[in-house]
Amino acid sequence: MSGAALGMEVVVVFFLALFLLHRYGDFRKQQRMVLFGTLLAWYLCFLIVFILPLDVSTTIYNQCKVDHKDHDLANSSVTPTKSDVTSCYKPWSYIPDGILPVFWRVVYWTSQCLTWLLLPFMQSYARSGGFSITGKIKTALIENAIYYGTYLLIFGSLLIYVAVHPELHLSWYELQTIGITAANTWGLFLLVLLMGYGLVEIPRSYWNASRHGHLLIKTYFKASKLMTEKADAEENLEDVMEEVRKVSESIKYNHPLRKYIDTILRKCPLDYQEKMGRNMDDYEDFDDKQNTYPSEKSLVKLHKQVIYAVQRHNRTRVQWQILLQQAIHLEDVAKNETSSTHQFVHSFPSSEPAGWFSRYVYTPSVEWYWECLLKRWFYRLLSVVLTLFSVAVVWSECTFFSTRPVLSLFAVFIQLAERDYNYLYIEMACFITIFFLCTCVYSTVFRIRVFNYYYLASHHQTDAYSLQFSGMLFCRLTPPLCLNFLGLIHMDSAISHQKKEPTAYTSIMGSMQVLYFIANGFYIYYPMLIVILTIATYFSLGTRCLNLLGFQQFMGDNEMTSDLIDEGKELIRREKRKRQRIEDGENRRREWKERYGNPREDFTARNRSSHEMKETSYSDSVASHTRQAKYSRSGSRAERDCIELLQDAEPLDFNADSLADDALDTESTRHAGGRYLSMSSSWNRIFDDV
């Protein structure tokens, strides 16, 4: 089994990163470079988290061998007992010497190159509106000039400081350690902020999820805010498309900049492309003397605006459909809670046929017990367990520097298992602990939103900039997170000051004693700030501050929040009525098709017979009209309903605002189409289509 666990986790972590990227990114539309960079950043960070428990168990085994070797040297004249020989055995996931240091060195430096050099460049490249690779590279270099210049300034200042002070003899190893320490210090500063929020918000979110009434009200609030954002996105898209239309009409087919216009048009939605194509006269020549044309720089800016507007519009549209489905489901849960039949009934059943899982396992009865009874208690129990974990993390963050006595709870658990060399327990305890820490930090990264510049949206709606920014954050947060975890379990000798075998991960980080004030000051006392952050998050101080600044947040005791809840409730009710009308129309069509067959074929046959009748003589036409009028007057109402059904018109949403504006358009459309028999103005041909 030597190395098998390492290889297995490498494969599993790759598919985990690929699954998350598929959920948030879009493999078909986004650039391959963006997807590859994000996948590599996520993969390396998850790999560090999953492999670190194996490093801990391997280090404990190596420490066990060192202790037994020292014991044998001290008692060489004493014959070892059987218990002394067998107490230190090799773990099943043991990784041979020399593999982990090389592995950590490759993973760490690759992730650092990504987060500090490549991903910032790729961000600017992906957001650039350039029409060529050269133009995009030029734009990315200009935007990152200040970013890279800052690195050179810091590095140059450090070299000058070392040159001025001859007493400082810094080798390449020490310079490397200073760079690693600086990067980890920056990451630890952000890590504590994100972890303090996640330690409180994750247990609270599961507790609130068990309260269906609270969750439904919050969904109404989100619906109101999302509808405002959706309307703003649609308005922004209209403005950008209007600007594209003007530019497209001014630059004709034989203009040198026309190829750039065609590139911009391909990024527009299809309906806008069709409108602009119909209104465009490409056979009109351009005249440089009479018209003023936009520059290539303005077209690059317009191209960037089009990409952003289309992405935002698609994202809000998809999010609205998802939120609408969630609101309808929560309303169904509220209705079914009082059901005496214990059968879950959906307001809008799925049109797709039920699979074997829904027919035999997740039946309506099982669904009722889960949604209305068991789910809330499961979430409450999970919230209590996560709360205990959060309390243990906060306590350990404040006491992990104490080695005598050992106050960190996670260090106590690991040391108890270390006495019996229970490697499986050690690995599981380490994995659960670091997985919880990563969940608190990474979930905050997935939740935070910086206006419209950074926002991770599921269902393939995340833009390239946000994907790469998340990769940068992961690469900067994961190394200090792992060092913080090793400090919690007293496996980092730079913090615990114990003479132990160092892990392979801490060995590549170098000795933190090069910067004494950071190793013995910042790394120990700054994590205590997490107590203040958790208290502030518990009392929602950040939410209240944002609400005071004008950013509407969900506040239960706020008048504006109540207004937004009422507005969201009305929006959901309106969407449900619209969906109900569409479903009723589909049911009526399906019912008439089952009763009368395929109405389109019958309608086509009647039109064909009508053409043949038009070619007959006048006397035959009059006689035919007489007979058909007789049969038409004696027809049943069901036949007239069937004729009306042949129109295949969508149910209309009549309201006071649109009725007056659409009346003339509707009437003219029906008359032009020739499909509404009762609206036809030609009485002498009324029976031709019967």
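Me: Hi! Is E234 buried, exposed or partly exposed?
Reply: E234 is partly exposed, with a relative accessible area of 32%. Here buried means under 20% relative accessible area, exposed means over 50%, and partly exposed is in between (1.4 Å probe, protein chains only).

Me: What kind of model is this, and how are residues numbered?
Reply: This is a predicted model, where local features need pLDDT of at least 70 and side-chain atom pairs count only at pLDDT 80 or more, while totals for chains, interfaces and linings use all residues. Residues are numbered from 1 along each chain as its sequence is written, and side-chain values use heavy atoms, with hydrogens and water left out.

Me: Back to E234, please. Which residue does E234 form a salt bridge with?
Reply: The partner is K230, and the closest N and O atoms are 2.9 Å apart. A salt bridge here is a side-chain nitrogen of Lys or Arg within 4 Å of a carboxyl oxygen of Asp or Glu.

Me: And where do E234 and K230 lie?
Reply: Both are in helix α8 (residues 212-250), four residues apart, about one turn of the helix. Helices are DSSP runs (H or I, at least four residues), numbered from the N terminus, and strands are too (E, at least two). An α-helix has 3.6 residues a turn, so residues three or four places apart point the same way. K230 is buried, at 14% relative accessible area.

Me: How many salt bridges are there in the whole structure?
Reply: A search finds 13. One of them pairs K576 with E331, at 2.8 Å from N to O. K576 lies in helix α22 (residues 559-596) and E331 in helix α11 (residues 296-336), so this pair ties together parts that are 245 residues apart in sequence.

Me: Are K576 and E331 buried or exposed?
Reply: K576 is buried, with a relative accessible area of 16%, and E331 is buried too, at 11%.

Me: New topic: what does helix α16 look like?
Reply: Helix α16 covers residues 464-488, which is 25 residues, and reaches 36 Å from its first C-alpha to its last. That is close to the 36 Å expected at 1.5 Å a residue, where the expected span is 1.5 Å times one less than the number of residues.

Me: Where is the kink in α16?
Reply: The kink, of about 25°, lies at T478, shortly before the proline P479. The bend at a residue is the angle between axes fitted to the seven residues ending there and the seven starting there.

Me: How many residues of α16 are buried?
Reply: The count is 23 of the 25, so α16 is largely enclosed by the rest of the structure. Just after α16, H490 takes a positive phi of about 60°.

Me: Which residues touch the most other members in the largest nonpolar core?
Reply: They are W42, W104, M195, I489 and Y505, in a core of 93 residues. The largest share, 19 residues, comes from helix α2 (residues 32-74). A nonpolar core is a set of buried Ala, Val, Leu, Ile, Met, Phe, Trp, Tyr and Cys residues joined through side-chain atoms within 4.5 Å.

Me: What does I489 touch?
Reply: Not counting residues up to four places away in sequence, I489 touches V56, F410, A411, I414 and C430. Contact means heavy atoms within 4.5 Å.
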